[in-house]
Amino acid sequence: MTSEKIRQKFLDFFEKKGHKIIPSSSLIPADPTSLFTSAGMQQLNFYLSGEKDVLRDFGTRHLVSCQKCFRTGDIEEVGDESHHTFFEMLGNWSVGEDSETGYFKEGAIKLALEFFCDVLKLDKKRFWITIFKGEKGIRRDEKAFLIWQKEGIPEERIREFGIDDNFWGPVTEIGPCGPCSEIHYDRGEKFGCGREDCGPNCSNCQRFIELWNLVFMEFKKVKKENGEYIYEKLPQRNIDTGIGFERLVALSARKNSSFETDLFLPLIQEIEKKSIKKYFQEKRNFRIIADHLRASCFLIAEGIFPNNLDKGYVLRRVLRRIQRVGKILELKNGWEVPAVKWLVKKYQGVYLELSGKENDILIIIEKEKERFEKTLSEGLKYFEKLIEKKIEKSREKVIAGKEAFFLYESYGFPSEMVEELAREKGFQVDKQGFDKAFKKHQEISRAGAERKFGGVGIDRLGNEEAREKATRLHTATHLLHSVLRKILGEKVKQMGSDISPERLRFDFSFDRKMTSQEIKKVEDLVNQKIKEDLEVKKTEMSLKEALTSGALAFFREKYPERVSVYTIFNPKTKEVFSKEICGGPHVKKTSELGEFKIKKEESSSRGVRRIRAVLK
Ligand SMILES: [Zn+2]
Ligand SMILES: [Zn+2]
């Protein structure tokens, strides 16, 4: 069964059982305390805690989804059989139980068994179950134990674990949580360690695969004033479940690793074509590239851009790791093109945001590659020399914090990459020393950044006149964007923008220099639209609505769930000329703009052109 089929069967099954399919939420969580979305329940947090009304907002207590997730904790592990950075999670929920409409433990267990046994035809005799044994003042989950037995799982295949294994959540510091039960799948004796106590969560072997986690959410972890954490009863009980999709696909395909299923193998084969090495010789490195490239596509499609901050830094880190590992595999130039195309094609049916993004993704990968290319080889040379010197001189296998920071600052090596390189040589990095050097550097550069005016941060412009000028240029930027797409084609997409009271700067994807006729045409059409005195209207809507209505989104920006959309239209004919997701501010009518003039058209970087323009 293909991964597409399994995903669909899961959603169909629960829909038939009265669940509402909810779309995956963004990888960028609404809660700023977590870096990425790492579980399907994150978008439902307020419903699970009872602070929001699920019936009012969804019309039902029963929900099902396939959620994109990203975890940074296992990056170093990627390359083995099962770890990923980006992954998908299947889940179903019953939010707030009541006797008529909600279900709790029994309902969740029955549904899980029915889906696995009747729909996916997995062998129930291979299921082992774990339950919560009771710890930290919370009772053993006797009820779950009895239900599993009643549903045909014999006592000897039910194991009990404590708070580390069988108690789930909260996803951040505080919030809804509860004991859980997991369905593990026995792959058979040949995968086992042969010990007598071998079973689910065995620390000696990988015989048992954890497939489905059923969380019986009935507690809320809260922080008391004295800093102590306690578990309170939630006002309502919920079911929250999660299946690691990649694992399930591997198991259904009878493969030991998701990298050998339809999720990855065709991708790895595309990459293999561009390498002089073979997958079977270099499994780990091929897997790292496949995993990280998939992750990068999803991060970039969310509007994350490689930089040195939080999410952007994670993207930079995986992109640079791809590049370093790509060097080991001696990948040919341009290897990313068929690989990214394959990925977008594979996922765009499920995750709309990828659709049509091949070029944008490739441009960002390419830009980051160019940036790193210059220094990667030199940095590696420097690193080799450093190691040689250390081996000659001393017996201590440690790279000092300052040295690691030098590699970061001068050659752009993420600290984790220095650690990885060091590990390969049997060295360690003085992490504390690095952090110290890093902090000092940050304080210096932050002081510099505040003096700069970037993006459309008009609020910081201060005086009223400057702000009005910048507002007019901002509206002109929207007109320019639309005009460029009309004259040069729909491929044109905003890649950056910077507005000062004096001029606008607009970066867009386009693969050649514009001709002087084209520049003239663009100028003329912008001026024509200014003269037609179009109206500018602001509307608020959900991000999804905005995107499906065809509103342009600034590709690098990340957006909240609700956004404002600015439409520039002819008030008489109602014809829409421009529609963009944007925070504003804008003028009310285009006649306020004056005359538009392009000062310069130049290359900004590969595949990206830059226009500087003014209003007279
Ligand atoms: Zn074992
Ligand atoms: Zn705008």
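Over how many bridges do strand 13 and strand 18 pair, and is the sense parallel or antiparallel? The points below begin with the basis of the model and then take up this pairing.

1. Basis of the model. This is a predicted model, in which local features need pLDDT of at least 70 and side-chain atom pairs count only at pLDDT 80 or more, whereas totals for chains, interfaces and linings use all residues. Residues are numbered from 1 along each chain as its sequence is written, and chains are lettered from A and ligands numbered from 1 in the order in which they are written.

2. The pairing in question. Strand 13 and strand 18 (residues 608-615) pair in the antiparallel sense over 6 bridges. Within this pairing, I611 of strand 18 is the bridge partner of F506. Strands here are DSSP E runs of at least two residues, helices are H or I runs of at least four, and both are numbered from the N terminus; two strands pair if DSSP finds at least two bridges between them.

3. The hairpin. On strand 13 (residues 504-509) there is also an antiparallel pairing with strand 12 (residues 494-499), made through 5 bridges. Strands 12 and 13 form a hairpin with 4 residues between them. D498 stands opposite R505 of strand 13.

4. An open sheet of 4 strands has the order 12-13-18-17, with antiparallel pairing. Its edge strands are strand 12 and strand 17 (596-605), each of which pairs on one side only. On average, neighbouring strands of this sheet are turned by 20° against each other, direction ignored. Angles run from 0 to 180 degrees between N-to-C directions, and axes are lines fitted to C-alpha atoms, for helices over the stretch in contact.

5. Strand 14 is joined to strand 15 (residues 562-569) by 8 bridges, and K538 stands opposite Y566 in strand 15.

6. A helix pair. Helix 8 (residues 265-273) packs against helix 11 (residues 336-347) at an angle of about 165°, with the axes 9 Å apart. That angle makes the two helices roughly antiparallel (the term applies to angles over 145 degrees). The contact involves P266, L267, E270 and I271 of helix 8 and P338, A339, W342 and L343 of helix 11. Residues are in contact if their C-beta atoms, placed from the backbone, lie within 7 Å.

7. Residue E368. Is E368 buried or exposed? E368 counts as buried because 22 C-beta neighbours lie inside 10 Å; the cut-off for a buried residue is 20 or more other C-beta atoms within 10 Å of its own. E368 is placed in helix 12 (residues 358-393). Leaving aside residues up to four places away in sequence, E368 touches P306, R316 and L319. The C-alpha atoms of E368 and E532 are 41 Å apart, with 164 residues separating them along the chain.

8. Domains. The chain is divided into domain 1 (3-260), domain 2 (264-366) and domain 3 (458-615), with bounds from an automatic or database domain assignment. Between the C-alpha centres of domain 2 and domain 3 the distance is 31 Å.

Definitions and conventions:
A residue is buried if 20 or more other C-beta atoms lie within 10 Å of its own, exposed if 12 or fewer, and partly exposed in between; C-beta atoms are placed from the backbone. Two residues are in contact if their C-beta atoms, placed from the backbone, lie within 7 Å. Angles under 35 degrees count as roughly parallel, over 145 as roughly antiparallel, 65 to 115 as roughly perpendicular and the rest as oblique.
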